[in-house]
Amino acid sequence: MLNAGRETSSPGTELSENQAKKEKERLIKELQLITEERNDLRDRLRFLTERSMKNRSHFRPNPYYEDLERMEEAVMSILHNLEMENTEVHENNHKLKKEITFSR
């Protein structure tokens, strides 16, 4: 009576254990594929939701993000001005070198 709940190892149980392992592996692979698909769909939904939120008139973006955008515009403007000034100085320097060479 003590062994009533236990199964002994026999060729029949080994076959069913192998089948169970194969089934477990198949289910794990299927679960992984379903999880990947779910994550992809979640990302698509998030993208579409964010895009539609930006198109709404009552949507107000994060104020810190707006500040960063303004700061970026200011920095890019300063950078552009410096690049233009650098080009101008470089051209003037080149002209002065030509004049010095010509006057010698």
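Biologist: Why is the contact between the side chains of Arg46 and Asp43 called a salt bridge?

Modeller: In this predicted model, the side chains of Arg46 and Asp43 come to 3.4 Å, N to O, and because a salt bridge requires a side-chain nitrogen of Lys or Arg within 4 Å of a carboxyl oxygen of Asp or Glu, the pair qualifies. Both residues lie in helix H1, 3 residues apart, which is about one turn of the helix.

Biologist: What makes Arg46 count as partly exposed rather than buried or exposed?

Modeller: Its relative accessibility is 44%, and since buried means under 20% and exposed over 50%, Arg46 falls in between and is therefore partly exposed. Asp43, with a relative accessibility of 44%, is likewise placed in the partly exposed class.

Biologist: How do you know that Asp67 and Arg70 form a salt bridge, and where do they lie?

Modeller: The closest N and O atoms of Asp67 and Arg70 are 2.8 Å apart, which is within the 4 Å limit, so the pair meets the criterion. Asp67 and Arg70 are 3 residues apart in helix H2 (residues 63-103), and are therefore separated by about one helical turn.

Biologist: Which residues do salt bridges with shared partners join into one network?

Modeller: Glu23, Arg26 and Glu30 are joined in this way.

Biologist: Why are Glu23 and Arg26 called partly exposed?

Modeller: Glu23 has 37% relative accessibility and Arg26 has 42%, so both values lie between the 20% and 50% cut-offs.

Notes:
Residues numbered from 1 in each chain as written. Predicted model: local features only at pLDDT ≥ 70, side-chain atom pairs only at ≥ 80, totals over all residues. Heavy atoms only, no water. Buried < 20%, exposed > 50% of the residue type's maximum accessible area, 1.4 Å probe, protein only. Helix = DSSP H or I, 4+ residues; strand = E, 2+ residues; numbered from the N terminus.
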